[in-house]
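Good morning, and thank you for coming. Please look at the sequence and the structure while I take you through a few of their features.

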Amino acid sequence: MTATVEPGTRTPVVPDLSGRALSTRRRIVNHLASGGIYLAVLLAVVPLGLVAWTVVSRGGGVMSLDFLTEDIPNSYRREGPGMGPAIVGTLIITGMASLMAIPLGVFGAIYLNEYGKQKPLARVIRIMSDVMTGVPSIVMGLFIYIGWVLLVGEQSGFAGALALACLMLPVVIRSSEEMLRLVPDELRQASLALGARKWRTILTVVLPAAISGITSGSLLAVARAAGETAPIIIVTGITFATNPNLFEGTNTALPAQIFRNASQPFVGAQDRAWGAALTLIVIVVLFTVVARLIANRFALKER
């Protein structure tokens, strides 16, 4: 290392090697961290890919129009289609649960973030939401069985929708509240400064700004509800024919049929279980894509 003397001065200037060493170390640490992130992503994607490949390879062989439309065989020993009643049951039960849980959850999140803040009632709602998030699904099914099925005297699809709505509600509340918190207060203040009422500010400014995150949280809740098995088995009963009436008669859904058929040693039952699993995955993916497209289009219109 040699020192240099700048013109007009007598003080030698020594090169700053510590800065170069620090920069090199930062690059090494950055590469190591990036490699660790890519490795973690790979470890997460590989099992997911294996599961998807197994379900597609095993369930794709039984997929057909008859499988999607025919009634469920009343004997597990029989081979062949179908899963029509379970598909219809999944759509109407999950749809009704979403109609009950998503609007109520979003309204609850609006109250917590925009009105309640740290008031005692808001704190109680947050605590109850956290508690409900950790409640096992079978406990929620037993609650609906005691509070609704025994009271009405009949298992039905609506009882299953109630159980799924109770499971979805805390997820929607907490996720929507977090998304509303991310909306800058400057947007609210600007709207209020222009003379808009608070409810109009929330409706036309806050919600459009958070609609993407609210949609994502709602989709997580729908995906969780669509795959629940225990409450469906307890409160909806079982049927082998399509029952579009939510309020009368027993019903069934794809998760219940997956559980019942997969637990049997017969080839036909296990094939129907794989086909039902693939059908359920496709339904959830389609709902996710459609909801995401609607949310993005709505956000673009607001901009």
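Is glycine 227 buried or exposed, or does it fall in between? Before I answer, please note that this is a predicted model. Glycine 227 is partly exposed, because its relative accessible area is 38%, and the range for that class runs between 20% and 50%.

Glycine 227 sits in the loop that lies between helix H8, residues 198-226, and helix H9, residues 230-236. If we set aside the neighbours within four places in sequence, glycine 227 is in contact with Pro255 and Leu280. There is also a distance to note: 56 residues along the chain separate glycine 227 from isoleucine 283, and their C-alpha atoms are 11 Å apart.

I now turn to charged side chains. As a general point, side chains of opposite charge can pair when their charged atoms come close. How many salt bridges does the structure hold? There are 8 of them. One joins glutamate 228 and arginine 224, with 3.4 Å from N to O. Of these two partners, glutamate 228 counts as buried because its relative accessible area is 13%, while arginine 224, at 25%, is partly exposed.

Other salt bridges share partners, and in this way Arg126, Asp130, Arg174, Glu177, Glu178 and Arg181 are joined into one network. Is arginine 126 buried or exposed? Arginine 126 is buried, since its relative accessibility is 10%, and buried means under 20%. Glutamate 177 is buried as well, with a relative accessible area of 0%.

Glutamate 177 has a further partner in arginine 181, through a salt bridge of 3.0 Å from N to O. These two residues are 4 apart in helix H6, so about one helical turn separates them. Arginine 181 has a relative accessibility of 42% and therefore counts as partly exposed.

Arginine 126 leads us to the helix that carries it. Helix H4 covers residues 120-133, which is 14 residues, and spans 20 Å from its first C-alpha to its last, close to the 20 Å expected at 1.5 Å a residue. Which residues of H4 are buried? They are Ala122, Arg126 and Ser129. Seen down the axis of H4, the buried residues fall within an arc of 60 degrees, and therefore they line one face of the helix. Pro120 and Ile127, on the other side of H4, are exposed. The cover over the buried residues of H4 includes helix H3, residues 84-116, and helix H6, residues 157-181.

Finally, I would like to consider the surface. Which residues form a nonpolar patch there? Leu39, Leu42, Leu43, Val46 and Leu50 do so, and together they have about 490 Å² of accessible area. One of them, valine 46, is found in helix H1, residues 17-59. With a relative accessibility of 42%, valine 46 counts as partly exposed.

Thank you for your attention.

Methods:
Residues numbered from 1 in each chain as written. Predicted model: local features only at pLDDT ≥ 70, side-chain atom pairs only at ≥ 80, totals over all residues. Heavy atoms only, no water. Expected span 1.5 Å × (residues − 1). Buried < 20%, exposed > 50% of the residue type's maximum accessible area, 1.4 Å probe, protein only. Arc of directions from axis to C-beta. Contact = heavy atoms within 4.5 Å. Patch = residues over 30% accessible without salt bridge, like charges linked within 9 Å, V, L, I, M, F, W, Y side chains within 5 Å. Areas by Shrake-Rupley, 256 points an atom, 1.4 Å probe, with all protein chains shown as cover. Salt bridge = Lys/Arg side-chain N within 4 Å of Asp/Glu carboxyl O.
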